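Here is a short briefing on one chain. Look over the sequence and the model before reading on.

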Amino acid sequence: MSGTWLTTRAWLLMLPLLVVMISVIGWPLIDTVGLSFTDAKLVGTEGNFVGIENYAKMISGSNFQRTLVTTAWFAIVSVAAEMVIGVLAALLLNQQFRGRTALRALMILPWALPTVVNATLWRLIYNPEYGALNAALTQLGLLEAYRSWLGEPGTALAALIVADCWKNFPLVALIALAALQAVPRDITAASLVDGAGAFARFRFVILPYLAGPLMVALVLRTIEAFKVFDIIWVMTRGGPANSTRTLSILVYQEAFSFQRAGSGASLALIVTLLVTLLAAGYAALVRKTAGSAA
């Protein structure tokens, strides 16, 4: 069977999937691009052509710039914490001890639960009247009076980061734990015989096996954190005083709350471009890491 026929057959087999992708993704994307160059409202008139005016207003506006900083801070801190906690959890669960299997199963629970459920649980924990966090800190003498953790601009974003870390660190831990299974035990045993300490064993023996999988986890979590919406919307809706408003929430408010479909579409495309550039940069870093490892 010729190579040309195999290639043609492969494309024919993928044709239904391509049609679905073009219908579901391609056409809405093209329509959004066209909408972004107009001043259309969500309801009513179709709007007039305004060129790149929407893009210029969005990029130069103080709302976009503040929200971009908030989004970047949320992504950097939450992903960094998730990577550290996930690796530490994986190292712990890779040890031999009684109840390890049960503990591994329990660790998956936060990640397996729907985000809305997680967000609701953390809203109850942070509740300023009967929240478990206020009660625990007060009884321990670390807090004099109950606080509204989600109602104060100084603490709301940090509270959201904690909730996001609890939700997503199991994913990093699972990826790291799977990679730890590939570390040859004879190499680890040899490092112990040579007198290597715990940090030296991790740095020179374990980390090279974790680097590739952790890079994949870093890419996935950074992209997800950069376009986060659900957990913040359920817990704070971007407040108080827009202190937890991310780019995805700004897109929603612009397009639906304020009913400015044209500027909302332009902002959505800006966010899409930023995420695409971020993914492309990480992909290049992954290829470079894989090439150096080979």
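One face of α2 carries the exposed residues Lys57 and Ser60, and this face is turned away from the buried side of the helix. Exposed means over 50% relative accessible area, buried under 20%, and partly exposed in between (1.4 Å probe, protein chains only). Helices are DSSP runs (H or I, at least four residues), as are strands (E, at least two), numbered from the N terminus.

This is a predicted model: local features need pLDDT of at least 70, side-chain atom pairs count only at pLDDT 80 or more, and totals for chains, interfaces and linings use all residues. Residues are numbered from 1 along each chain as its sequence is written, and side-chain values use heavy atoms, with hydrogens and water left out.

**Helix α2**
- Asn54, Tyr55 and Met58 are the buried residues of α2 (residues 53–60).
- They sit on the same side of α2 because they cover an arc of only 95° around the axis.
- That arc is taken from the directions from the helix axis to the C-beta atoms.

**Transmembrane annotation**
- An unreviewed UniProt entry places the feature "transmembrane region" at several spans, including 12–30 and 72–93; such annotations may be inferred rather than shown by experiment.
- Residues 12–30 are 100% helix and 0% strand, with end C-alpha atoms 25 Å apart.
- Residues 72–93 are also 100% helix and 0% strand, with end C-alpha atoms 31 Å apart.

**Loop between α10 and α11**
- Gly239 and Pro240 are joined by a cis peptide bond, with omega about -5°.
- Pro240 is in the loop between α10 (230–235) and α11 (247–257).
- Ala241 lies in the loop between α10 and α11, and its phi is near 55°, a positive value in a residue other than glycine.
- Ala241 counts as exposed, at 73% relative accessibility.
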